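Trainee: Before we go through this model together, could you show me how to read its features one at a time, with the general idea first and the case at hand second?

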There are 2 protein chains.
Amino acid sequence: MPSHPEPTGLAIGIDLGGTRIKAALVDRADGHLLQRALRPTEDGDWQDGEPRFVHHVAELVAELESASGQTGLPVGLAAPGLAAPAGNAITWMPGRMHGLEGLDWSACLQRPVRVVNDAQAALLAEVAFGAARGLGDVFLITLGTGVGGAVWSGGRLLTGARGRGGHLGHISLDWQGPQDVFHTPGSLEFLLGNQTLSARTEGRFASTLDLLAAVRAGVPKALALWGQSMRVLAVGLSSLINVLDPELILLGGGISEGAGEDLLIPLQSELDACEWRPGGHAVPVQLATAGEWAGAQGAAWQA
Amino acid sequence: MPSHPEPTGLAIGIDLGGTRIKAALVDRADGHLLQRALRPTEDGDWQDGEPRFVHHVAELVAELESASGQTGLPVGLAAPGLAAPAGNAITWMPGRMHGLEGLDWSACLQRPVRVVNDAQAALLAEVAFGAARGLGDVFLITLGTGVGGAVWSGGRLLTGARGRGGHLGHISLDWQGPQDVFHTPGSLEFLLGNQTLSARTEGRFASTLDLLAAVRAGVPKALALWGQSMRVLAVGLSSLINVLDPELILLGGGISEGAGEDLLIPLQSELDACEWRPGGHAVPVQLATAGEWAGAQGAAWQA
């Protein structure tokens, strides 16, 4: 059971993404979204010396608070990059989301704001309201353009010292392999991510969903490549099981959602070969259940 | 800072190893060993229907308590295998330490006993009294016959759901490699451990300390192999940094102790190539400082 006290009452959750800002008024008793609102992020645009998304977020908070009939609601914000543990800023996010790095959201919104990394927020939604409800140890891996993740350990978010904890796509599974964006050789992200698929297959498959369509059509090259991906993922999960010892593993992101059983079934048989199972116990692996509003839900929950 | 309340006063720490039982009366204010005592483990021998080591441990506790002039001192016990989180038993230890698995130490010693895994106990000694004193996030890797480890995360021991957390030697760095004892393909333990060295070098080096002597003598084959080992270790540490985000990494075990700077210096230059350093910050890597009584010290601290 989580040692984290269960938050209650209404809160506002903001999911600040690269293209859209999702905002929701969340009932933290059950995760219910009482009201939702969207704005474009307009990354790179500025207004009155601040990134335009700051103004959008402030407007969204005012709008949702007005709809709630309450004032001073807690606000949580999820964003890409590294979030200062239990803090109010993203401390590291180079290259995009211009102006986000170091921005003090409590000052921007003139109230205490808790900021969390977007993958961590998605996991919090699963722990609070979704497939991992009530569990003490669980991790989430998201398979999409890149491979992301977050860890819930001993009833708390594993942030690490600087908020970097849970970057599960950046473990090496091939110490002699090419380095990824964080310099990790042969990382899970490099071996599995959408980003590298075209290069890995000499242009034969443009995306993992293309590859999956070919798998379902029984194309031999696609079947071989998919089987290899399942092996790589199983070895990565086995490594992480030995480090984190979870009760449950959740798979999220577009690839997991698109593949469903075509991922879970072969993955399970690869895990049968490489997972350490003391006393015969296998760690269950499931698809994440919280949908595209998970970031806002998780952000609201931890606010 | 650890959220763990600092234990105080005297406690008895027992380190139940494969060949010897080390027991100490520990002042938990500073880790000072006020009295030490040893017995052989005599694994496989039985007395009155119990493993003989149970009788030895009971005698050691009585002896140290009598020396302390106090009664009812807290007792902590460190042993190989998986320890039930915050429990009083090793729940999984196949193949050796006969009779240890499932043994209820609180019943054996007729008082509350906290049981912890031996690598975890060694890390607790570092956090309580050693190189990691006062830190919130740190992990220890022990390089020896095998490769072990333990994780301190957010001011607490990362046990995971079943006490398996921190088995850092069993992460894969080569998803196509041979499987180790826990089925992990190409694990850090397989690639670095003493156990596999002779096979890995076709009998040329019987132990890592032999290899190290050849490195110091400038033997080219030894230098190449040592360089490769440093690369493997750096990639493994980089993976774990991305998952756990520590403030400090400690290296323990016989290989680390024997190699010293011959390990730390080349390892650091390999880390320069593969460690993710947001904001330019590198995680410091040091040798563990708690010596061969660390297990008893750490066990006493968490009692």
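Mentor: Let us begin with a single residue and its surroundings, keeping in mind that this is a predicted model. Leaving aside neighbours within four places in sequence, L233(A) is in contact with L192(A) and L267(A).

Trainee: In which element does L233(A) lie, and is L233(A) buried or exposed?

Mentor: L233(A) lies in helix 7 of chain A, and because there are 25 C-beta neighbours inside 10 Å, where 20 or more are needed, L233(A) counts as buried. A separation in sequence can also be set against one in space: L233(A) and E270(A) are 37 residues apart in sequence and 8.7 Å apart in space, C-alpha to C-alpha.

Trainee: How should I read chain A as a whole, and how many helices and strands does its secondary structure come to?

Mentor: The secondary structure of chain A comes to 10 helices and 14 strands, and the C-alpha atoms fill a box of roughly 60 × 45 × 35 Å along the principal axes. For 303 residues a compact globule would have a radius of gyration near 19 Å, and the 20 Å of chain A agrees with that. Of these 303 residues, 55% count as buried.

Trainee: Which residues of helix 10 of chain A are buried, and what covers them?

Mentor: Helix 10, residues 294-301 of chain A, is mostly covered, with 8 of its 8 residues buried. They are A294(A), G295(A), A296(A), Q297(A), G298(A), A299(A), A300(A) and W301(A). The cover over these buried residues of helix 10 of chain A includes strand 1 (10-16), strand 2 (20-27), strand 6 (75-79), strand 9 (113-117) and helix 3 (118-129) of chain A.

Trainee: When two helices pack, what should I look at, and at what angle do the axes of helix 6 and helix 7 of chain B cross?

Mentor: In chain B, the axes of helix 6 (residues 208-216) and helix 7 (residues 220-244) come within 8 Å and cross at roughly 115°, and helix 6 of chain B passes helix 7 of chain B in a left-handed crossing. The contact is made by L211(B), A214(B) and V215(B) on helix 6 of chain B and by A222(B), L223(B), L225(B) and W226(B) on helix 7 of chain B. By class, the residues of this contact between helix 6 and helix 7 of chain B divide into 7 nonpolar, no polar and no charged.

Trainee: How do I read the relation between the two chains, and what rotation superposes chain A on chain B?

Mentor: Two copies of a chain are related by a rotation about an axis and a shift along it. Here a rotation of 180° with 0.0 Å of shift along its axis superposes chain A on chain B, with an RMSD of 0.0 Å. That is the relation of a two-fold axis.

Trainee: How many residues of chain A are in contact with chain B, and which helix supplies the largest share?

Mentor: On each side the count is 44, for 44 residues of chain A are in contact with 44 residues of chain B. Helix 7 (220-244) and helix 9 (261-274) of chain A each supply at least two residues of the side of chain A that touches chain B, and the largest share, 8 residues, comes from helix 7 of chain A. That side of chain A divides into 19 nonpolar, 16 polar and 9 charged residues. Since 100% of the interface residues of chain A are also interface residues in chain B, the copies meet through the same surface.

Trainee: Where is S153(A), and which residues does S153(A) touch?

Mentor: S153(A) is in strand 11 (residues 147-153) of chain A and is buried, with 27 other C-beta atoms within 10 Å. Not counting residues up to four places away in sequence, S153(A) touches D137(A), L158(A), L244(A), S153(B) and L158(B).

Methods
Residues are numbered from 1 along each chain as its sequence is written. Chains are lettered from A and ligands numbered from 1 in the order in which they are written. This is a predicted model: local features need pLDDT of at least 70, side-chain atom pairs count only at pLDDT 80 or more; totals for chains, interfaces and linings use all residues. Helices (H or I, at least four residues) and strands (E, at least two) are DSSP runs, numbered from the N terminus. A residue is buried if 20 or more other C-beta atoms lie within 10 Å of its own, exposed if 12 or fewer, and partly exposed in between; C-beta atoms are placed from the backbone. Two residues are in contact if their C-beta atoms, placed from the backbone, lie within 7 Å. Ala, Val, Leu, Ile, Met, Phe, Trp, Tyr, Cys and Pro count as nonpolar, Asp, Glu, Lys and Arg as charged, and the others, Gly among them, as polar. Copies are superposed by least squares on the C-alpha atoms of residues with pLDDT of at least 70 in both. The radius of gyration is taken over C-alpha atoms; the globule rule is 2.2 Å times the number of residues to the power 0.38. Axes are lines fitted to C-alpha atoms, for helices over the stretch in contact, and angles run from 0 to 180 degrees between N-to-C directions. A crossing is left-handed if the near helix is turned anticlockwise from the far one by less than a right angle, and right-handed if clockwise.
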